[in-house]
Structures are given as structure tokens and as C-alpha cells.
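Hi,

Here is the structure I said I would pass on. Have a look at it first, and then read on for what turned up.

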Amino acid sequence: MNQTALVEPGIQRLAKTSLVVGVAALVLCILANLRSPTQFFHSYLMAFVFWIGLPLGCCAILMLHHLVGGTWGFPLRRLLESGTKTFYLMAVLFLPILFRLPVLYSWADASKVAQDRLLQYKHPYLNVPFFVGRAAA
């Protein structure tokens, strides 16, 4: 039996509409990037920080349930586990941030670090390899 025959027509219509809206939003993001790349990546960073909260929050509550036990978390467990599976998507969405670090952070630009004494003082902690290591951990 065809899998799409099992899905109600209203849900199929919603899925198609969501796909069209998603593609339109992607086109708008690409146009915004072409118009003002710096502003686009600052906005992208803020959106990333917002959406990374979903898998981090799910992971924290799931770890808390596993730590303390009890029956309170059983109704939520599958939902929290599926929320943590978005870490893979967030890792892929983190790649544009990695490639544009000098645009987003002044400490990632070697020429700015060479000119600023305060950034030189902070350089052992604020450097690209250590930032990537912390992000991966």
C-alpha cells in the first residue's frame, strides 16, 4: 500500500504549504546575505543561539530524569529523546558560523588582535582552535 495514501489530505496540504514557505524563506535568506552579509550573519548567530536551546534543554531534562529516576519523566522521555536528535542538524547549521568567525567576533580576526592589547591578553582563551574545541565538546 502506498504510504501517502495513509496520510490525511489535510496533512498533505499542510506539508506542501510548509515546504513552499520554507523554500521562500530560504530564498529571502540568500537575498539578505547578498545585500548585507555582516548583518545576515549577526542575525544568523542570534537565530542559532535561540534554536540550539531546544536540543540543549531536552538533553538537560532527559539527563535529569535519568539521574533522579522516578516516573515523572516517562511520559516525556520519547519527546525529549527526539528533541535531542536535532543536535545533528544544529551541528550542520553551526558550519556557517565557523566559516564567518572573523566577521562575527573581533577576537577571531588576527589583524584586530594584533592592534588591540586587551584582545592580546584574552588570546589564550579567545582563539579559533579553542573555540571550535569548546563548541565540539
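Which residues does Leu104 touch, leaving out those up to four places away in sequence? The answer is Phe41, His42, Leu45 and Ile97. Before going further, please keep in mind that this is a predicted model.

**The core**

Leu104 also turns up in the largest nonpolar core, which has 16 residues. Leu104 is among the members that touch the most other members, a group that also holds Phe48, Phe94, Ile97, Leu101, Trp107 and Phe131. At least two core residues come from each of helix 3 (37–68), helix 5 (87–99) and helix 6 (101–104). Helix 3 is the top contributor, giving 6 residues to this core. As background, nonpolar side chains tend to be buried together in soluble globular proteins.

**Helix 2 against helix 3**

Next, the packing of helix 2 (residues 9–35) on helix 3. Their axes are 5 Å apart and the angle is about 130°. Helix 2 is therefore oblique to helix 3, since an angle of that kind falls between the roughly perpendicular range, 65 to 115 degrees, and the roughly antiparallel one, over 145. On the helix 2 side, the contact is made by Cys29, Ala32, Asn33, Leu34 and Arg35, and they meet Pro37, Phe40 and Phe41 of helix 3. By type, the residues of this contact are 6 nonpolar, 1 polar and 1 charged. Phe41 has come up already, as one of the residues that Leu104 touches.

**Cysteines**

Is Cys58 buried or exposed? Cys58 is buried, because its relative accessible area is 11% and the cut-off for buried is under 20%. Cys29, from the helix 2 contact, counts as partly exposed at 37% relative accessibility.

**Phe87**

Last one: Phe87 sits in helix 5. With a relative accessible area of 29%, Phe87 is partly exposed. Leaving out residues up to four places away in sequence, Phe87 touches Ile52, Pro55, Leu56 and Cys59.

Cheers

Technical notes:
Residues numbered from 1 in each chain as written. Predicted model: local features only at pLDDT ≥ 70, side-chain atom pairs only at ≥ 80, totals over all residues. Heavy atoms only, no water. Core = buried A, V, L, I, M, F, W, Y, C linked by side-chain atoms within 4.5 Å. Buried < 20%, exposed > 50% of the residue type's maximum accessible area, 1.4 Å probe, protein only. Helix = DSSP H or I, 4+ residues; strand = E, 2+ residues; numbered from the N terminus. Contact = heavy atoms within 4.5 Å. Axes fitted to C-alpha atoms, helices over the stretch in contact; angles between N-to-C directions. Parallel < 35°, antiparallel > 145°, perpendicular 65-115°, else oblique. Nonpolar A, V, L, I, M, F, W, Y, C, P; charged D, E, K, R; others polar.
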